[in-house]
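Hi,

Here is the structure I promised to pass on.

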Amino acid sequence: MSDFEGLVAVVTGGASGIGAATARELAGRGARVAIIDRAHPEPVEGIFRATADLTADAEIRDAVDRIGTELGGIDILVNNAGIGAVGDVGANEDDEWHRVYDVNVVGIARVTRHALPWLRESPSAAIVNTASVAGTNGLPQRALYSATKGAVVALTYAMAADLLADGIRVNAVAPGTADTPWVRRLLAASDDPDATAANLRNRQPMGRLVTADEVAFAIANLASPRAASTTGIVLTVDGGLTTLRV
Ligand SMILES: NC(=O)c1ccc[n+]([C@@H]2O[C@H](COP(=O)([O-])OP(=O)(O)OC[C@H]3O[C@@H](n4cnc5c(N)ncnc54)[C@H](O)[C@@H]3O)[C@@H](O)[C@H]2O)c1
């Protein structure tokens, strides 16, 4: 498939996990791809890298403008970067609430704000946000993280409504637990990694974790110009967690 031929795609958090898989998928389907991340431990040939922190407005503005100028525009924006938080509603102090919101929610607004002038010039403009099943299901010990991902779902609908007239489609994916460096870090930090891994697998009706490539495929399909009538949806990629009772 070469449905992204001639298009420029920007992926935040593209140095790892779902973002890295998405960058590969989009490049494989013909896009010129740029990733924005705060670090680039394993640079991939052919993929443009910009180093910027989602919480630093000037860094993000400069990164977006450099990508648009050097790659000749921006057609696709994948707002994927995010961070986790563990605990019930009482577990985290205000500073931590603000820190996680600043990346997971305000970060999307920040990148999108600077990308909009470029996206408005594109005949095939699309944004895909990475939400989570935590934003639409009550999962234990994820209060803060879930609140940010619920906000991403709400923001996706609002953005889709506002940007319809500009010809910019906006959708989201809601992955279940995916096998990425993030989840591997979580497991390594738990008291009993094997038992925690088994719990996570068992929570998925398919009995296994989602793969980063499966999420990347869903993101690319939502972003593709071939999905021209699809806007304002949240596509679950969760092994059946949201809807199946088996
Ligand atoms: N892995 C899962 O189980 C899972 C499930 C549902 C949703 N998600 C969501 O998918 C997205 C990607 O997760 P992942 O598992 O690939 O994680 P990951 O940790 O492997 O990758 C996240 C990337 O985002 C970057 N990043 C984080 N904060 C940043 C900041 N302030 N500025 C710039 N870059 C920053 C990191 O450097 C990293 O490269 C996140 O939004 C996450 O909430 C993950």
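Two bits of housekeeping. Numbering starts from 1 along each chain as its sequence is written. The model is predicted, so bear in mind that local features need pLDDT of at least 70 and side-chain atom pairs count only at pLDDT 80 or more, while totals for chains, interfaces and linings use all residues.

**Overall**

The chain has seven helices and nine strands; these are DSSP runs numbered from the N terminus (helices are H or I, at least four residues; strands are E, at least two). Its C-alpha trace spans about 50 × 40 × 35 Å along the principal axes. For 246 residues, a compact globule would have a radius of gyration near 18 Å, and the chain agrees with that at 17 Å. That radius is taken over C-alpha atoms, and the globule rule is 2.2 Å times the number of residues to the power 0.38.

**Helix packing**

Helix 3 (residues 94-119) packs on helix 4 (residues 143-163) at about 25°, the axes being 10 Å apart. Axes here are lines fitted to C-alpha atoms over the stretch in contact, with angles from 0 to 180 degrees between N-to-C directions. The two helices are therefore roughly parallel (angles under 35 degrees count as such). On the helix 3 side, the contact includes Trp97, Tyr101 and Ile108, and on the helix 4 side Leu144, Val152 and Leu155 are among the residues involved; contact means C-beta atoms, placed from the backbone, within 7 Å. By class, this contact has 10 nonpolar, two polar and two charged residues. For the classes, Ala, Val, Leu, Ile, Met, Phe, Trp, Tyr, Cys and Pro are nonpolar, Asp, Glu, Lys and Arg are charged, and the others, Gly among them, are polar.

Helix 3 also meets helix 2 (residues 57-71): their axes come within 9 Å and cross at roughly 30°. That makes helix 2 roughly parallel to helix 3. Helix 2 contributes Asp57, Ile60, Arg61, Val64 and Gly68, facing Arg110, Val111, His114, Ala115 and Trp118 of helix 3. This contact divides into five nonpolar, two polar and three charged residues.

**Ligand**

The ligand is surrounded by 26 residues, with Gly13, Ser16, Gly17, Gly82 and Thr180 the closest (a residue is near if its C-beta atom, placed from the backbone, lies within 6 Å). Helix 1 (17-28) and helix 5 (181-189) each supply at least two residues of this shell. The shell has 12 nonpolar, 11 polar and three charged residues.

Cheers

Terms used:
Angles under 35 degrees count as roughly parallel, over 145 as roughly antiparallel, 65 to 115 as roughly perpendicular and the rest as oblique. Two residues are in contact if their C-beta atoms, placed from the backbone, lie within 7 Å.
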